[in-house]
Amino acid sequence: MSETPTELIGGRYRVQAVLGEGGMGAVYRVWDENLQVVRAVKVLHAARTLKEDARQRMQNEARAMARLRHPNVVVVHDVVTSESGDMFLVMEHVEGGTLEDRLNERGTVDAIEAITWMVDVLKALELAHDEGIIHRDLKPSNLLIGPDGVKLADFGIAQLADADETLTQEGIGMGTRPYMPPEQWYSASTVDGRADVYAAAATLYRLVTGEIPKSLWLKDASDPTFASISEPLRKVLIRATRTRPESRHAAVAELRLDLERARSILEGNPPPKQFPWVSCLLVAAILGGGSALVGGGMFAASLWPTATPNPPQPLPVPTTTSEPPAAPEPERDAPQPAVRPAPQPRPVPEPIASPPQAPDLAPDPAPAVPEPVVELPQIKAFINSLPPGAEIRLDGESLGSTPFVGRLPEGEHAVELHWEGQIAVRRVVQMTGEEYRFCWDTRIGAVCPR
Ligand SMILES: Nc1ncnc2c1ncn2[C@@H]1O[C@H](COP(=O)(O)OP(=O)(O)O)[C@@H](O)[C@H]1O
Ligand SMILES: [Mg+2]
């Protein structure tokens with residue numbers, strides 16, 4: 001951007017303050033000299049505007065927001081490319097800061113209040129999904145507090161079902177790691193509405209515990225991770241954060257109803273009755289309406305071929321840990337994604353340089369710093385057993401049998417080997433670095449001799 005904060009953006013918007021600064025650009029509170037009102041303007045960094053994919057992304061963001069006229073979605077007024085080639089998005093200014101700010105300033109949120117906020121957000125997401133838009137980056141710093149409730153912002157990586165371009169490619173994960181479901185790690189382009197179901201639950205988890213939601217799909221009701229959350233809400237959060245999308249709420253509307261029931265219980269009222277046909281109607285509506293929203297999950301078919309409607313969650317068996325114990329997940333700068341080969345050159349997602357301290361991961365209250373939008377690296381994995389032929393389960397899902405050679409997303413995983421129908425070993429490991437190697441000798445019950 002050629003303008004500095006003391007100048008006019010696009011010859012019209014006078015900068016009053018910086019509201020947020022990200023890898024793609026900055027968001028300013030501005031004074032609209034023409035209409036004489038306060039607005040928020042998101043500006044693409046000049047270098048970014050030269051890249052077609054960054055421009056496309058902002059265009060997408062503007063179109064997604066414009067399509068969603070909802071009290072819980074930030075209103076977009078315009079997206080402008082100035083004569084000098086700068087690009088900016090003009091939005092309503094929401095005064096109350098983000099839910100991340102709220103957490104940092106006043107600590108955790110009461111469960112009933114947090115559910116009430118999330119119910120509003122889920123209503124907005126219901127509309128978005130109906131319109132074929134999946135947000136894919138739901139988290140506290142993308143939720144703004146307005147006078148009449150919370151507003152959903154930052155559709156920067158939203159997926160528009162009818163968009164002609166491919167800003168997200170299969171095999172490239174985008175989003176903010178702690179709030180992302182595992183399928184999004186593999187590929188942002190194939191996720192469906194249940195990715196937002198996961199992120200909504202992870203966001204709620206963060207609001208009520210103050211903790212970063214790390215690998216919630218690995219945790220079950222017995223895990224201390226959920227211990228501080230009251231039971232009605234805990235049950236909902238656990239269901240919404242399962243590894244397999246099929247095991248979660250089928251749609252944001254279903255999650256909303258479940259949360260409303262949990263809130264009734266927490267308020268001391270009998271929960272509203274749920275008739276089975278409500279769920280049936282919901283599922284039918286989704287199947288009939290937004291095929292793009294339920295048609296994703298390609299990752300499951302390719303990575304977990306033994307998909308079943310109600311897969312088992314990771315088994316509560318004793319865990320042996322040879323690798324370092326689960327350390328806080330590091331947020332990484334995104335590496336350059338592989339460039340799409342000719343002959344059909346398409347825009348490649350632009351990795352946004354992460355700051356040294358990401359707000360969603362920083363335990364200390366950090367001032368507004370850029371948010372991480374990461375592309376998750378995959379690392380080489382070799383998993384074997386003696387004798388070979390043991391069933392491998394990764395995070396509770398079958399990976400086939402040993403030997404396995406392939407690529408797995410970096411991060412914390414539960415690896416299990418099953419031999420003759422019995423679990424032989426279970427390890428929670430950090431897959432980092434160049435490659436991950438593991439071999440288990442089922443005959444002696446120990447790591448394979450070298
Ligand atoms: N309409 C708005 N009103 C007030 N603050 C906003 C608005 N939009 C964004 N912000 C602030 O700017 C920050 C970054 O905006 P966001 O749209 O999330 O962009 P990024 O792509 O950089 O994450 C937000 O976390 C919030 O603090
Ligand atoms: Mg953001």
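How many bridges join strand S12 to strand S13, and in which sense do the two strands run? Four bridges join S12 (residues 391-394) to S13 (residues 397-401), and the two run antiparallel.

Before the other stops, some conventions are required. This is a predicted model, in which local features need pLDDT of at least 70 and side-chain atom pairs count only at pLDDT 80 or more, while totals for chains, interfaces and linings use all residues. Residues are numbered from 1 along each chain as its sequence is written, and chains are lettered from A and ligands numbered from 1 in the order in which they are written. Helices (H or I, at least four residues) and strands (E, at least two) are DSSP runs, numbered from the N terminus. Two strands pair if DSSP finds at least two bridges between them.

**Stop 1: the hairpin and its neighbours**

Keep S12 and S13 selected. They form a hairpin with two residues between them, and Asp-395 in the turn has a positive phi of about 55°. Next, select Leu-394. Opposite this residue in S13 stands Glu-397, and its bridge partner in S15 is Val-415. Strand S15 (residues 411-419) pairs with S12 in the antiparallel sense over four bridges.

Pro-387 lies in the loop between strand S11 (378-386) and S12. A cis peptide bond joins Leu-386 to Pro-387, with omega about -10°. Pro-403 is placed in the loop between S13 and strand S14 (404-409). The peptide bond from Thr-402 to Pro-403 is also cis, with omega near 0°. For context, most peptide bonds are trans.

**Stop 2: the six-stranded sheet**

Now select strands S1 to S6. They make an open sheet of six strands in the order S1-S2-S3-S4-S6-S5, with antiparallel pairing. Strand S1 (8-9) and strand S5 (76-81) are the edge strands, each pairing on one side only. S5 is joined to S6 by five bridges, in the antiparallel sense. On this pair, Thr-81 stands opposite Met-87 of S6.

H2 lies across S4, S5 and S6 and runs at about 160° to S5. Angles run from 0 to 180 degrees between N-to-C directions, and axes are lines fitted to C-alpha atoms, for helices over the stretch in contact.

Select Gln-36, in the loop between strand S3 (25-32) and S4. Gln-36 has a positive phi of about 60° although it is not a glycine.

**Stop 3: ligand 1**

Which residues come nearest to ligand 1? Of the 21 residues around it, these are Gly-20, Gly-22, Val-27, Ala-40 and Asp-154; a residue is near a molecule if its C-beta atom, placed from the backbone, lies within 6 Å of it. Strand S2 (13-21), strand S4 (37-44) and strand S6 (87-92) are the elements that give two or more residues to this shell. By class, the shell divides into ten nonpolar, seven polar and four charged residues. Here Ala, Val, Leu, Ile, Met, Phe, Trp, Tyr, Cys and Pro count as nonpolar, Asp, Glu, Lys and Arg as charged, and the others, Gly among them, as polar.

**Stop 4: a second hairpin**

Select strand S8 (residues 143-146) and strand S9 (residues 149-152), which run antiparallel and are joined by four bridges. The hairpin connects S8 to S9 through two residues. Gly-146 has Gly-149 of S9 as its bridge partner.

**Stop 5: helix H4 and its two partners**

Select helix H4 (residues 111-130) together with helix H6 (residues 193-209). The two pack at an angle of about 160°, with their axes 10 Å apart. H4 is therefore roughly antiparallel to H6, a term for angles over 145 degrees. The residues of this contact divide into ten nonpolar, three polar and one charged; two residues are in contact if their C-beta atoms, placed from the backbone, lie within 7 Å.

H4 and H8 pack at an angle of about 160°, with their axes 9 Å apart. H4 is therefore roughly antiparallel to H8. The residues of H4 that meet H8 include Ile-115, Val-119 and Glu-126, and those of H8 include Leu-255, Leu-259 and Arg-263. This contact has 13 nonpolar, one polar and five charged residues.

Notes. Parallel < 35°, antiparallel > 145°, perpendicular 65-115°, else oblique.
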